[in-house]
Amino acid sequence: MRGQPVILIGVDPHKSSHTAVAVDVAGHQVAERRFIVNTGTFRQLMRWCEQWPKRRFTVEGARGLGRTLAQQLAAAGEKVVDMPSTLSARARLLATGGGRKTDAKDARHVAQVALFRHDLRPVEPEDQTTILRLLTERHDDLVHERTRVLNRLHAVLRDLLPGGAPTGLSADKAAVAMKAVRPVTATDACSRDIARDLLADLRRLDRQVKDNEAEMRDALAVTRTGLTTLPGLGPCWPPRSSATSATSAASPPGRLER
């Protein structure tokens with residue numbers, strides 16, 4: 001196995017199919033194959049690649065359309081790098097011979113460019129930092145939606161209550177205030193019904209925010225990070241800090257073995 005050459009496999013991913021082209025260290029095409037995207041795509045790709053024990057992969061758009069395949073490869077222990085679509089497009093533009101654009105040509109260009117670019121970002125298997133990032137983004141969405149609903153409820157209660165709704169409005173304060181609402185007109189009755197709906201939405205969002213924060217605490221505990229011991233970090237910010245710190249620390253790019 002030591003004397004076997006390294007084969008670089010470039011993948012041009014699409015929604016319905018992935019095209020893979022294998023090239024040697026000189027950039028000459030060795031083989032190509034198109035895989036229909038389904039539940040068995042990854043297994044088929046790996047069986048096809050078994051003929052090259054020493055192999056590396058380059059996936060175009062490993063953060064986009066090629067994310068699923070790139071993550072499957074990384075999780076299986078394969079060496080994978082991400083080929084930015086802008087870089088592969090530049091290679092196609094400079095390619096000689098003309099002819100129409102094909103998936104096989106794109107995959108070959110992806111592999112050939114990776115031969116000479118040692119600064120491509122390695123694809124790392126998604127781990128707890130990815131979970132933290134997803135939970136933090138979900139938290140942001142929930143808080144923004146809760147703020148919108150709370151502001152709307154405050155505006156509706158302003159028209160229903162003498163002097164308006166109390167400051168520092170919460171679901172419990174809104175519920176107490178609404179007990180004093182005595183609709184006089186049909187418009188008031190409609191506003192009261194809307195306020196009830198908004199209050200129900202606010203209570204639901206409060207529960208979702210609370211559950212989300214519990215999930216973040218559990219996910220954060222798994223990482224055993226020390227960020228939570230730093231002064232000034234609230235219960236929701238450590239996940240963002242942990243995820244950002246972990247994902248922004250790029251691993252040093254590897255070189256193609258010869």
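The legends below describe an overview and several close-up views of one predicted model.

Residues are numbered from 1 along each chain as its sequence is written, and side-chain values use heavy atoms, with hydrogens and water left out. In this predicted model, local features need pLDDT of at least 70 and side-chain atom pairs count only at pLDDT 80 or more, whereas totals for chains, interfaces and linings use all residues.

**Figure 1. Overview of the chain.**
The chain contains eight helices and six strands; helices (H or I, at least four residues) and strands (E, at least two) are DSSP runs, numbered from the N terminus. Their order along the sequence is β-β-β-α-β-α-β-α-α-β-α-α-α-α. Of the 258 residues in the chain, 39% are buried. Buried means under 20% relative accessible area, exposed over 50%, and partly exposed in between (1.4 Å probe, protein chains only). The accessible surface amounts to about 15000 Å², and carbon and sulfur atoms account for 53% of it; these areas come from the Shrake-Rupley method with a 1.4 Å probe, and for residues only the protein chains shown count as cover. Among contacts between residues at least 6 apart in sequence, 60% join residues at least 24 apart, where contact means heavy atoms within 4.5 Å.

**Figure 2. Close-up of helices α1 and α2.**
Two packed helices are described by the angle between their axes and the distance between the axes. Helix α1 (residues 41-49) packs against helix α2 (residues 67-75) at an angle of about 55°, and the axes lie 11 Å apart. Axes are lines fitted to C-alpha atoms, for helices over the stretch in contact, and angles run from 0 to 180 degrees between N-to-C directions. The two helices, α1 and α2, are therefore oblique to each other. Angles under 35 degrees count as roughly parallel, over 145 as roughly antiparallel, 65 to 115 as roughly perpendicular and the rest as oblique. The crossing of α1 and α2 is right-handed; a crossing is left-handed if the near helix is turned anticlockwise from the far one by less than a right angle, and right-handed if clockwise. On the α1 side, Phe42, Leu45 and Met46 meet Leu69, Gln72 and Leu73 of α2. By class, this contact of α1 with α2 holds five nonpolar residues, one polar residue and no charged residues. Here Ala, Val, Leu, Ile, Met, Phe, Trp, Tyr, Cys and Pro count as nonpolar, Asp, Glu, Lys and Arg as charged, and the others, Gly among them, as polar.

Phe35 belongs to strand β3 (residues 29-36) and is buried, with a relative accessible area of 2%. Leaving aside residues up to four places away in sequence, Phe35 touches Ser16, Ser17, His18, Ala20, Thr41, Gln44, Leu45 and Trp48. Ser17 is 18 residues from Phe35 along the chain, and their C-alpha atoms are separated by 5.5 Å.

**Figure 3. Close-up of Gly27 in a loop.**
Gly27 is located in the loop between β2 (17-23) and β3. The relative accessible area of Gly27 is 12%, so this residue is buried. Gly27 touches Gln112 and Leu115, not counting residues up to four places away in sequence. Gly27 and Gln112 are 85 residues apart along the chain, with 5.5 Å between their C-alpha atoms.

Helix α5 (residues 128-160) and α7 pack at an angle of about 160°, and their axes are 8 Å apart. Helices α5 and α7 are therefore roughly antiparallel to each other, and their crossing is left-handed. Their contact comprises 21 nonpolar, seven polar and 10 charged residues. Met216 lies in helix α7 (residues 186-223) and is buried, with a relative accessible area of 1%. The C-alpha atoms of Met216 and Arg133 are separated by 9.5 Å, although the two residues are 83 residues apart along the chain.

Helix α6 (residues 171-178) packs with α7 at an angle of about 160°, the axes being 10 Å apart. Helix α6 is therefore roughly antiparallel to α7, and the crossing of α6 and α7 is left-handed. Ala171, Asp172, Ala174, Ala175 and Met178 of α6 meet Arg192, Ala195, Arg196, Leu199, Leu202, Arg203 and Asp206 of α7. The contact of α6 with α7 divides into seven nonpolar, no polar and five charged residues. Lys173 is also placed in helix α6 and is partly exposed, with a relative accessible area of 41%. Residues up to four places away in sequence aside, Lys173 touches Pro166, Thr167 and Gly168.
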